[in-house]
Amino acid sequence: MSAVAPETTQVLRAARRRQRRSLGVVLVGLAVAVVAAFWLRVLGGDYTITFPDFWRIVGGARIPGADFILLESKLPRACLAILVGLALGAGGAIFQTTLRN
């Protein structure tokens with residue numbers, strides 16, 4: 001068995017650090033994209049709701065029409081979309097791991 005040169009070990013460690021750092025950047029970018037899509041779905045659409053109105057409605061204020069649309073239509077759909085996306089992603093990851101692909 002041959003010994004690995006110290007320079008090779010340092011090069012490998014540096015490459016792994018870069019890979020971890022880039023993975024973190026990608027994960028943060030994807031998280032920001034999911035949050036942005038969530039807010040666009042909840043606040044946008046045919047009946048737009050402002051950001052301050054969103055927090056007032058969630059806090060319990062009654063805004064005629066807006067609270068019904070937000071709490072009964074937009075918010076549940078957006079939350080369900082995120083949960084379905086997470087479930088499909090987890091299922092895909094499990095499937096790939098099972099097949100060792």
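## Starting at Ile 63

Ile 63 sits in the loop between helix H2 (51-59) and H3. Helices here are DSSP runs of H or I with at least four residues, strands are runs of E with at least two, and both are numbered from the N terminus. You are looking at a predicted model, where local features need pLDDT of at least 70, side-chain atom pairs count only at pLDDT 80 or more, and totals for chains, interfaces and linings use all residues. Residues are numbered from 1 along each chain as its sequence is written, and side-chain values use heavy atoms, with hydrogens and water left out.

Setting aside neighbours within four places in sequence, Ile 63 is in contact with Asp 53 and Ile 57, where contact means heavy atoms within 4.5 Å. Ile 63 and Asp 53 are 10 residues apart in sequence, and their C-alpha atoms are 8.2 Å apart in space.

## The whole chain

Let's step back to the overall picture. The protein chain has 3 helices and 0 strands, giving the pattern α-α-α along the sequence. Its C-alpha atoms fill a box of roughly 75 × 30 × 20 Å along the principal axes. The radius of gyration is 22 Å, while a compact globule of 101 residues would have one near 13 Å; the radius is taken over C-alpha atoms, and the globule rule is 2.2 Å times the number of residues to the power 0.38.

Buried residues make up 13% of the 101 residues. Of the contacts with a separation of 6 or more, 43% are between residues 24 or more positions apart.

## Surface and charge

The accessible surface comes to about 8200 Å², and 67% of it belongs to carbon and sulfur atoms. These areas come from the Shrake-Rupley method with a 1.4 Å probe; for residues, only the protein chains shown count as cover.

The chain carries 12 positive and 5 negative side chains, and the centres of the two sets lie 17 Å apart. Lys and Arg count as positive, Asp and Glu as negative, while His and the chain ends are not counted. Each charge is placed at NZ of Lys, CZ of Arg, CG of Asp or CD of Glu.

## Around Asp 67

Asp 67 belongs to helix H3 (residues 66-99). Asp 67 counts as buried because its relative accessible area is 8%. Beyond residues up to four places away in sequence, Asp 67 touches Ile 57, Ala 61, Arg 62 and Glu 72.

The side chains of Asp 67 and Arg 62 are joined by a polar contact of 3.1 Å. A polar contact is a pair of N or O atoms within 3.5 Å; within protein, one must be able to donate a hydrogen and the other to accept it, and residues adjacent in sequence count only if both atoms are side-chain atoms. Arg 56, in helix H2, is partly exposed at 44% relative accessible area.

Gln 19 lies in helix H1 (residues 6-43) and is exposed, with a relative accessible area of 56%. Gln 19 and Val 84 are 65 residues apart in sequence and 29 Å apart in space, C-alpha to C-alpha.

Arg 100 is found in the segment after H3. Arg 100 is exposed, at 79% relative accessible area. Although not a glycine, Arg 100 has a positive phi of about 55°. Most residues other than glycine have a negative phi.

Methods. Buried means under 20% relative accessible area, exposed over 50%, partly exposed in between (1.4 Å probe, protein chains only).
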